[in-house]
Amino acid sequence: MEIPLSYYLLLSGILFVCGVLGFLIKRNIITIFMSIELMLNGVNLSFVAFAAHWHALSGQVFVFFVMVVAAAEAAVGLAIIIAVYRTRETLNVDRVNLLKL
Amino acid sequence: MAESYQTMLHLILFLFFGTICVAGAINLLAQSHPINSALSLIVVMGSLAAEYLLLGAEFLAAVQVIVYAGAIMVLFVITIMLLNAGAEERTPGSRVAILLGIPGVLIGAVLVAWTLVGRSSTTQSVSIGALWGSPKDIARLLFHDFLLPFEVTSVLILIAIMGAVVLASRPEGSARGARKDG
């Protein structure tokens, strides 16, 4: 009952690369934020795979902390997005290019 | 014989959920409407929970479904509906981002894959299906060894709640229609 660790790492790498790609090519600020969540998920999978590999539970605890921080980040980030939309009336990051209104 | 069947089954399940995962991630990139991207991200998170279960992390699989696919994605979907986000518009900047982003990311992906495959030490096998990480052990670790980070995280969440309330609330005076909705 064994699967090579590199399969899991490859899957997590693919997810991370998809997140980076979405971060770069997407123009909608909410989709960019979702790409960040995708990157976090990819890293979490490699944490769990290594935890299973070394039989070390602290990897799973780290994933737990990453999830909590991601939840806090999502709450604050979406509040910022709402504030940006209120002042700029747009979600396109190319149109949010001035610090001052 | 039974052992090999089990390995086969685990491999099939891994490939099945991994394929769903990657398909969801690619669909997230391909869709132009944010609500479609959000729904495909939920698919990615759900299949990742299945992968965690395959790795024996039952507690994390439950937390993944409840916190990530549940709470965080509901927050995203509510924001998309609240702001009435439409389809993405194409700007000159997006064309530049595609032209520069895709080759750069491909180079990065090749580097990552080369590092993973080239290292012989990481090609060892993961024994799966053994549920060695019970919630009891995780709780003992969380509330004994990681007690200080746990408490600091609670402060972080408190600050995040206050920040979200402050940032998302209407500013005094300058808000249009602030009188109307009371």
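Domain bounds, as used in these legends, come from an automatic or database domain assignment. This is a predicted model, in which local features need pLDDT of at least 70 and side-chain atom pairs count only at pLDDT 80 or more, whereas totals for chains, interfaces and linings use all residues. Residues are numbered from 1 along each chain as its sequence is written, chains are lettered from A and ligands numbered from 1 in the order in which they are written, and side-chain values use heavy atoms, with hydrogens and water left out.

**View 1. The two domains of chain B.** Chain B is divided into domain 1, made of residues 10–88 + 126–131, and domain 2, made of residues 134–171. Between the C-alpha centres of domain 1 and domain 2 of chain B the distance is 23 Å.

**View 2. The interface of chain A and chain B.** In this interface 73 residues of chain A are in contact (heavy atoms within 4.5 Å) with 85 residues of chain B. The two chains bury about 7300 Å² between them, 77% of it on carbon and sulfur atoms; buried area is the accessible area (1.4 Å probe) that two parts lose on being put together, summed over both.

**View 3. The side of chain A that touches chain B.** Strand S1 (2–4), helix H1 (5–25), helix H2 (29–54) and helix H3 (58–88) of chain A each supply at least two residues of this side, where helices (H or I, at least four residues) and strands (E, at least two) are DSSP runs, numbered from the N terminus. The largest share, 24 residues, comes from H3(A).

View 4. B:Ser37 lies in helix H2 (residues 34–54) of chain B and is buried, with a relative accessible area of 1%; buried means under 20% relative accessible area, exposed over 50%, and partly exposed in between (1.4 Å probe, protein chains only). Leaving aside its neighbours within four places in sequence, B:Ser37 is in contact with A:Thr31 and A:Met34 from chain A, and with B:Leu28 and B:Gln31 from chain B.
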